Amino acid sequence: MAVSDELRCLIAAGGTAGHVLPALAVAEVLRASGVHVTFAGAPDRVEAQVVPEAGYELDTFRISGLPRRPGLAQLRALLLAGRAPVACARILAHRNPDVVLGAGGYVGAPMVVAARRKHIPAALTEADAHLGLANRLAAPFATRVFLAYDLQGRDAPKYRVTGRPLPSSSRPWEREEARARYELPLDRPVLGIFGALAGAHSLNELALESFGSAGPPVLHVCGDRDYEALRLRVRRDDYRLIPSEREFGAVLGAVDLAVSRAGGTVWELAAAGVPAVLVPYPHATANHQQKNAEYFAWGGGAVVVPQTELGGVPEVARSLLGDGRRLAGMRESMLRLARPRAAEEIAEELIALGRARR
């Protein structure tokens, strides 16, 4: 799909990797289609590092999440929110985009509002089974809202279910190549353990306590925060502990079962056909990780274990690894639930919106 007379798209995304990485996946497709893509975000969050590293220009403005408790932090957040649309208007005047995408986090909402005021078509993405506060506030100003999950009362044509965009680095590697990368055996099932980008501390501790000395081969992506404290506790050669992995597709290709939180990673697991034991983060906003996990459990691809029953995860994992027939069925279920073309679908519609404006 080639685009002549170069279109311009501005993507506002930030706060967490869970917002920025899917936005980069969409940007990757847009850029390959001939669209000029720039980003906007906060100067002190993950996007300030990740976006330039991916080769995109980033315009920044200050904004923060809204604390629930009254106080100075809440007052500061409200002041920043009030100034944000003015800053966004300046960025739009500078970049002059044909279409805007608010791709999650608090940076998206004011940019979509500013775009509406300038008669620039704008869209939003929602990666969880719950429409977040920023997206709820911005939705009336958006032409289209792309959903990862089918949400009650959010109907077509304004709302469209696409799944969560996945970067090319999450495409699963071939098993032999992936296992060779981590020096893991080919003839035994491998357990993957990982949480969010920073790592999930309770899962990290449980993994080392349960499998650090004995058990199935393990590929454990623990996050940078806990790596130094954990690495000296590994007691066997087939337990691979790594802080992070840019080529996450290699991890997905190497494992037969994952123990994970239930944020955006669930869509990467589904696209790779990796069955999962999901432990939703109990303090996630509006309990959205629980809702995410329930969707994949309902579809037959995952087992959900609440944080209060975390100690039971090792036995659940051992049982599943020992049941090849059940794992095969869960794998097929994950593949059926997957939406691997989410980034392409969103990019195609953004291009159509931009063209219509011209």
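I began with the pairing of strand S9 (residues 218-221) and found that S9 runs parallel to S10, with four bridges between them. The model I am reading is a predicted one. Within this pair I looked up Val-221 and found Ile-242 in S10 opposite Val-221.

I then traced the whole sheet. The sheet is open and has six strands, in the order S10-S9-S8-S11-S12-S13, and the pairing is parallel. At the edges I noted S10 and strand S13 (302-304), each of which pairs on one side only.

Helix H12 (residues 313-321) lies across strand S8 (191-194), strand S11 (257-260), strand S12 (276-278) and S13. For the direction of H12 I noted about 165 degrees to S11.

Asp-238 sits in the loop between helix H8 (224-231) and strand S10 (239-242). Leaving aside residues up to four places away in sequence, I listed Leu-184, Arg-188, Pro-217 and Val-218 as touching Asp-238.

I searched the whole structure for aromatic pairs and got nine. One of them is Phe-194 with Phe-248, an edge-to-face pair at 5.3 Å centre to centre, with 80 degrees between the planes. Phe-194 belongs to strand S8 and Phe-248 to helix H9 (residues 248-254), so this pair ties together parts that are 54 residues apart in sequence. I found both Phe-194 and Phe-248 buried.

Trp-267 is in helix H10 (residues 265-272) and Tyr-295 in helix H11 (residues 288-298), so the pair ties together parts that are 28 residues apart in sequence. Trp-267 is buried at 2% relative accessibility, whereas Tyr-295 is partly exposed, at a relative accessible area of 28%. I noted one aromatic cluster that holds Trp-267 and Tyr-295 together with Tyr-149, Phe-296 and Trp-298.

My last entry concerns a charge over a ring. Arg-31 lies over the face of Tyr-56, at 4.0 Å from the ring centre.

Technical notes:
Residues numbered from 1 in each chain as written. Predicted model: local features only at pLDDT ≥ 70, side-chain atom pairs only at ≥ 80, totals over all residues. Heavy atoms only, no water. Helix = DSSP H or I, 4+ residues; strand = E, 2+ residues; numbered from the N terminus. Contact = heavy atoms within 4.5 Å. Pairing = 2+ DSSP bridges. Axes fitted to C-alpha atoms, helices over the stretch in contact; angles between N-to-C directions. Phe/Tyr/Trp six-rings, centres within 6.5 Å; stacked < 30°, edge-to-face > 60°. Buried < 20%, exposed > 50% of the residue type's maximum accessible area, 1.4 Å probe, protein only. Lys NZ or Arg CZ within 6 Å of the ring centre and 35° of its normal.
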